There are 2 protein chains.
Amino acid sequence: MTRKAAIIGGGVIGGGWAARFLLNGWNVTVFDPDPQAERKIGEVLANARAALPALSDVPMGAEGKLSFAATITEAVEGADYIQESVSERLDLKHRVFAQIQQSAGLGTPIGSSTSGFKPSELQEGAANPSVIFVAHPFNPVYLLPLAEVVPSARSDQKVIEAAKTILREIGMFPLHVRKEIDAHIADRFLEAVWREALWLVKDGVATTEEIDEAIRMGFGLRWGQMGLFETYRVAGGEAGMKHFMAQFGPCLTWPWTKLMDVPEFNDELVDLIAGQSDAQSGHHTIRELERIRDSNLIGFLRALKERNWGAGKVLLEHDARRRTEMLAPGSVDLSAPLEMAQMQVLPGWIDYNGHMTESRYLFAASETCDALLRLIGADMDYVKGGHSYYTAETHIMHLGEAKLGDRLTGTVQVLAADEKRLHLFTSILRDGVAVATVEQMCLHVDMAAGKTCPAAPEVLAKLMPIAEAHKALPKPAAAGRFTGQRS
Amino acid sequence: MTRKAAIIGGGVIGGGWAARFLLNGWNVTVFDPDPQAERKIGEVLANARAALPALSDVPMGAEGKLSFAATITEAVEGADYIQESVSERLDLKHRVFAQIQQSAGLGTPIGSSTSGFKPSELQEGAANPSVIFVAHPFNPVYLLPLAEVVPSARSDQKVIEAAKTILREIGMFPLHVRKEIDAHIADRFLEAVWREALWLVKDGVATTEEIDEAIRMGFGLRWGQMGLFETYRVAGGEAGMKHFMAQFGPCLTWPWTKLMDVPEFNDELVDLIAGQSDAQSGHHTIRELERIRDSNLIGFLRALKERNWGAGKVLLEHDARRRTEMLAPGSVDLSAPLEMAQMQVLPGWIDYNGHMTESRYLFAASETCDALLRLIGADMDYVKGGHSYYTAETHIMHLGEAKLGDRLTGTVQVLAADEKRLHLFTSILRDGVAVATVEQMCLHVDMAAGKTCPAAPEVLAKLMPIAEAHKALPKPAAAGRFTGQRS
């Protein structure tokens, strides 16, 4: 049965939560008195719809239903999870929780997106404080997995565990913060760097652009995959963490930060920073920057997913969870070619003609076929076990020109299959029209022996019903063509 | 003529510098009195050899020659660039600079890897202070592009510019820090976060592992591609940077960081952190962690390269620089298929089977055909004039498995050609044996009209003699095959 999430407060953060729940199949009801709320949520949702499928190697299930409620009472009725993302004012949050708890189920988890308040502060005066906790996400909420989950001493541990399970189900990484503290964990670091950065700009040491380069050309790349301590552990070399600390510990007494103090926050500082930021990024609109950011994050996350590391591990686990749901009997539609991949044409895929470079059409087809192979269980673990499908032969028809930013869908039809052979016909579609078709003969091989051999029974058990059903599909006209054949 | 870099101090940082210079074709002489120096440099170099080619889409040129010197005098003799990476003791660095300047060329740039000292401090008492400056890199030096270049008021601007050019030539991003300050820019942020993190561990709020997750599941990913200010600009939404600052400026007065003070650095704190770090990462050796880190960084950097963004832009510019240096093909022998391309299988070309990923065979063929098109004058300028050859259809035979490091040669035979059509048969060979053949039908098009049209007379004048001569070559057996055809 489709579950329901209530999203109270629909800005960039609330919209990100709504998108995560919706794209993971939950129904979502939003309450936000802002007359612009529907438009704003729509924009976040459009970004999320463009981004989230690019992280998935499992076809996305059906979206949930989005609705807007006129009152908090209406929004939370029947909700299985409630997330509050209103402005950072404690009195306002207290009023919102009071209204929520007038009609919400007694045990329904109520997460707050607050970055500044501790759960014990949020719970003050509540009818049922034990279900209120911090679930602090990071923008863009639909892409970054982190949610800091912070309970207080008054929290119901069962509710916290239930909430963490739900967060995992929508692809997040709930980080259980065991001891409440102002700003939780991550924002304390952000604040420390922010203060230091303001000083550097104010004192004319560096511009906003130079500071950003100092981060993204160096340690930012390190932190995206290992964080602080593991990075330093490696830097310490074989001598390890103690050695690293012995080497750098004494620096603590050096005058390296200005953080004993904070810069005065005045119009002059705001103008200085805003002016530099305009000079740095003003040639892009915010919408463009959002798309660039999301595309980069997708690239990072996919790189980590390929390596089963960090945030990529979260994505693989999420895929595995959804694949299990998908392969439930009757969940694959066998009455048409299988839609196995969604891609966007990236700048690096473009050739000097301004079109997608020709090897990328085959790349797109490979992504599609790889997804089919994973679906039938011929996945990475299967390859590690010494067996794989190798492509023996390929025929490509170039039918259109994909351009930068085009969204492509890969579908695959099984033309024929037996124990050893897998004859596939892949279409790379834009708006439902093929820009290329790729016919391939794949052979199942014993990799050590370097010879073909029958696929494992459990793979054939998944493959054969698809092949059988696909016999009923019309044979594509391009199947069996040779290069240069007159049509 | 091959240039020479002198590396003074051969630890992890010095070794990283040595690797960058060597793999970019420079000769390198290292001075380090540590009897283990040669082994240590060898380990860094092995990591770099496994990593750096994975970032390149241009074949890597020949490595420079590595040698070890018994004295600083010997090391710096004839050097075009000198990099100092000895321990962080100012008296030691002063002694090293004095020795260097006894025999180095007068105008030779001397960069220091110091993270703690300002250039004016380094220059104190030097014979020629104007050539000494800070060139502060980030570990792993062979992968991360950032080098903070910090001159002082006494620096020779021409030497600084020459040094920046050299750093770009070895693939780095020199960030010119205009105002000297303790710890330059990036390490001030690292230090701020490090102090805050030590407090959180000491106070039992979070473990080293939880802190790393709080970074790498969230803002670390953001910072690897946009840094701090651009990220916040996007977070501010259409209202921009001023709005963001108005919203978050007031937080500066909140007690969010402990950085007014530093934690006491004692054995207890070291043991606490080292113990947690062991629990977090102790199941990997440092060597394993280095490989994991490098693989992740390669993934991030390639993702950015595909998008021509941030550190990826640096890589694309580095490729373009090296491609220009590569020589054009020599005289044409028409009695055999034309040998048009030489390639090496790079780590990024490998799939989960451990073999070259299938779309890279077509990529190799495209490189080969593009070289033929350049040969007949259908080059980038021709495309800018509105005409190009488009591939209409492709047939690939996979005949062998190319593996990491394999040297491949691309040959092409013109099967047929007329004014509009160009029928090509490309072979991708390893040791003279084809691992794949690719048959392609290319059509000459008027790009604006989106229609075929006759090629320019000067192109046909170069193409037709080749087509005529190739009529005498045997027709390849695979030409005209369709996919799945019984042989």
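In chain B of this predicted model, strand 1 (residues 4-8) and strand 2 (residues 27-31) run parallel and are joined by 5 bridges. Within this pairing, B:I7 stands opposite B:V30 of strand 2. Strands of a sheet pair through backbone hydrogen bonds, in either a parallel or an antiparallel sense.

**The sheet of chain B**
- Chain B holds an open sheet of 8 strands with mixed pairing, and the strand order is 3-2-1-4-5-6-7-8.
- The edges of this sheet are strand 3 (66-68) and strand 8 (173-176) of chain B, each of which pairs on one side only.
- From one strand to the next, the twist averages 25 degrees.

**The sheet of chain A**
- In chain A, an open sheet of 8 strands is ordered 3-2-1-4-5-6-7-8, again with mixed pairing.
- Strand 3 (66-68) and strand 8 (173-176) are the edge strands in chain A, and each pairs on one side only, while the twist from one strand to the next averages 25 degrees.
- Strand 5 (residues 110-112) of chain A pairs with strand 6 (residues 132-137) of chain A in the parallel sense over 3 bridges, and A:S112 stands opposite A:V134 of strand 6.

**Between the chains**
- Contacts between the two chains involve 124 residues of chain B and 125 residues of chain A.
- The side of chain B that touches chain A comprises 66 nonpolar, 34 polar and 24 charged residues.
- Strand 10 (residues 387-398) of chain A and strand 10 (residues 387-398) of chain B run antiparallel and are joined by 5 bridges, with A:E393 standing opposite B:M397 in strand 10 of chain B.

How values were computed
Residues numbered from 1 in each chain as written. Chains lettered and ligands numbered in written order. Predicted model: local features only at pLDDT ≥ 70, side-chain atom pairs only at ≥ 80, totals over all residues. Pairing = 2+ DSSP bridges. Helix = DSSP H or I, 4+ residues; strand = E, 2+ residues; numbered from the N terminus. Axes fitted to C-alpha atoms, helices over the stretch in contact; angles between N-to-C directions. Contact = placed C-beta atoms within 7 Å. Nonpolar A, V, L, I, M, F, W, Y, C, P; charged D, E, K, R; others polar.
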